[in-house]
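Me: Please show me the model, and then let us go through some questions about it.

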Amino acid sequence: MFDRKRVVIIGSGLGGLSCGTILQKNGFDVTVVEQGTQPGGCLQCFERKGAKFETGMHFIGSALPGQTMHSLMNYLGLLDDVKLSQLDENGYDIVSLAGQNFSFANGREPFIETMASYFPKEKDNIRKYYDIVKLIASSSALHSLTSSHRDDAIHAEYQLKSINDELDQIFGDDMLKNVIVGALPLYSAQLDKTPFAQHAHIADFYNQSAFRIVGGSDHIAHSLVANIGRMGGQVITRCKVHRIVCDERQAVGVDTDKGFINADIVVSTIHPMRTLELLAGTNILRPAFCKRINSMPQTNGGFSVYLKFKKNTVPYMNSNFYAYRGNTPWNCEQYTDEQWPKGFLYMHMCHKENPVWAESGIIISYMNYDEVAKWHGTKIGRRGDDYERFKKERAERLINDIERHFPGFKDSVDSFYTSTPLTYVDYTGTEQGSMYGIAKDISLGVAGRVPYRTRIPNLLLAGQNVNSHGMLGVLVGTIIACSELIPAQTIYGQIQQSKCR
Ligand SMILES: Cc1cc2nc3c(=O)[nH]c(=O)nc-3n(C[C@H](O)[C@H](O)[C@H](O)COP(=O)(O)OP(=O)(O)OC[C@H]3O[C@@H](n4cnc5c(N)ncnc54)[C@H](O)[C@@H]3O)c2cc1C
C-alpha cells in the first residue's frame, strides 16, 4: 500500500470516476468533485414523459469475456451492475451510402466475407485492411492489455498518416474507401487530418464485439460512484471547482462551490482549456504551454434529437445506422444551411434485455458552434423562442431524413427533445461543444497531444483529451495518468488478477 494521500479529482465523467476507482483501490483518499447535479458527464441520461435518453455514450466494444473491455470492466467492478446487450453480430453498424446499405460484421472472416460480398474484386485488399487494423490495435499494449515491443514503431507510423492516405494505398474502389469510414462520426474524423491509428483502434474495438448498455450508460457512472463510496472515497455533485489553488511550487487544493478542499494531488479530467482557466494567476505553467493548449483544434459539435416513440410502433433496431446524403461520409462538418444535414447516426436505446420494441432513440448530426454562437451565455431552458424554433426546425429536417430510410417513421414519434453544442458547453464544459474534446491532427505531431503531466508536479490531467475519447480511449488515458502515482505494472497486475477471480 502507498501513503494515504488526498486526491481531488475534478469532474465525474468516465475519466474522473475511473481514476477515482483505481486510486481509491490503491490506498489514496479520493474526492471527486462534479459541477452538475448528476455524476457521469457524457454518461448522463435524462427522462421525459417516462422515456429515458442517453446524452453521450451509447455503445461500447470488445466486451466479450477475454476481450479488453471485459477485463477493464471487471477490474473497475462494473460487471455486476452493468448489463450489456450485444448488437447484431452480422451488422452491428449499417452504413447507408448512395442508396445502398452496407453491413459491418463482427470478427475477421465475417467482416471480410460481408464486405467482399459488396466489393468482390477487392477481397484481398479488404483482408489486407483488416490485418493492418488488427496489427495497429494489438501492437498497443495499452489497448490490448498485452505487451509488445513493436508498439512505438507501428504507432509512430500510423499516428502520422491520415486515414484517407492509408485507405488510398490499400483500396482501389472509391466507394469501398467511403464505406470503410462510414462510422467516422464516432471519432469526428477529418480528411487529411485524423490519424489512421485512431480509425484502427475504434474499428477494431467495435469489430471484436459491440454492445449497448441495458437501461442506459448512466449505470456505468452509478456503479463507479458506488464502488468509490464502498472503498471509502466520495463523489460530491453540485460542486463546481472555480480555482486550483497553488503555492509557488505546486497545487494545494481546489476552491469550490462548497468551500476549499485541500489535496496532496489534483487530477483534472475536464477540458484542458477549462483546467487552464482554473489556474489563472498561477505562473508555474509556461506561457508557451498554455498557448499550445489554447490553440489546439477541437472535434465537431453535435446536434441530437432524442425521440420518444409511440408504444409498440418501432421494432427495436439492433444495429447503428449511419446515413449520408451524398456518396461520402467525409466533410459532413462543412455545410451550408441548405445542405445540412449531410449525414446522421440513428440508434435505439436498449431499455431492457432482449427488447422487441424500441421505446426511445437518438439521431445525431454534426453542428458547428457558429450556428448557435449567438445564444452563447444564455442559460439552459431560457435561451429564448428563436433558439427553440431553430432547434425544432433542425430536428424536423433530421426526422424527415429518417423517414426516407424508414417509411412510416414520422408517425411513430410521440415527442422529441434536442441538444446543441451549447448544451455540451453548459453540461460538460467542453470547448465550443466539441463532442470528443481536442481533435487529433497528424500535422501537429506530438505538439497535438495533451500531456498527462504538467509543470505543476502534483497536477495530473486525464479524461478524453489525454490519449483519446470513448470508453476505451478514456480508460487507457486513466491508466496512463494513474501510472504516475502507482507503478503501471501494479495496475496491469491487478487487471490480470481480477480476470482470474
Ligand atoms: C453525443 C456523444 C456520443 C458518444 N457516444 C459514445 C459511444 O457510443 N461510445 C463511446 O465509447 N463513447 C462515446 N462518446 C464519448 C464518451 O462519452 C466520452 O469520451 C467520455 O464519456 C468522456 O469522459 P470524460 O470524463 O473525459 O469527460 P466528460 O464526460 O465530459 O466529464 C467531464 C465532467 O467534468 C465536469 N466538470 C467540468 N468542469 C468542472 C468544474 N469546473 N468543476 C467540477 N466539475 C466540472 C463536467 O460537468 C463533466 O461531468 C460519445 C460522446 C458524445 C458527446
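Reply: The second largest pocket has at least two lining residues from each of β3 (45–48), α13 (385–405), β19 (413–419) and α15 (421–428). Helices (H or I, at least four residues) and strands (E, at least two) are DSSP runs, numbered from the N terminus. This is a predicted model, in which local features need pLDDT of at least 70 and side-chain atom pairs count only at pLDDT 80 or more, while totals for chains, interfaces and linings use all residues. Residues are numbered from 1 along each chain as its sequence is written, and side-chain values use heavy atoms, with hydrogens and water left out.

Me: What is the volume of the second largest pocket?

Reply: On a 1 Å grid over the protein atoms alone, a pocket is an open set of points where a 1.4 Å probe fits, with protein on both sides within 12 Å along at least five of seven lines; lining residues have an atom within 4 Å of a point. Points are joined across faces, edges and corners, and the volume is the space filled by probe spheres set on them. For the second largest pocket this gives about 610 Å³.

Me: Which residues lie nearest the centre of the second largest pocket?

Reply: The lining divides into 10 nonpolar, 10 polar and 5 charged residues; Ala, Val, Leu, Ile, Met, Phe, Trp, Tyr, Cys and Pro count as nonpolar, Asp, Glu, Lys and Arg as charged, and the others, Gly among them, as polar. Of these 25 lining residues, the ones nearest the centre are Arg48, Thr418, Ser419, Thr423 and Tyr427.

Me: Why does Arg238 count as exposed?

Reply: Arg238 sits in the loop between β10 (234–236) and β11 (241–246), and has a positive phi of about 50° although it is not a glycine. Buried means under 20% relative accessible area, exposed over 50%, and partly exposed in between (1.4 Å probe, protein chains only). Arg238 counts as exposed because its relative accessible area is 52%.

Me: Where is the cis peptide bond from Trp340 to Pro341?

Reply: This bond has omega near 0°. Pro341 is placed in the loop between β16 (320–324) and β17 (343–348).
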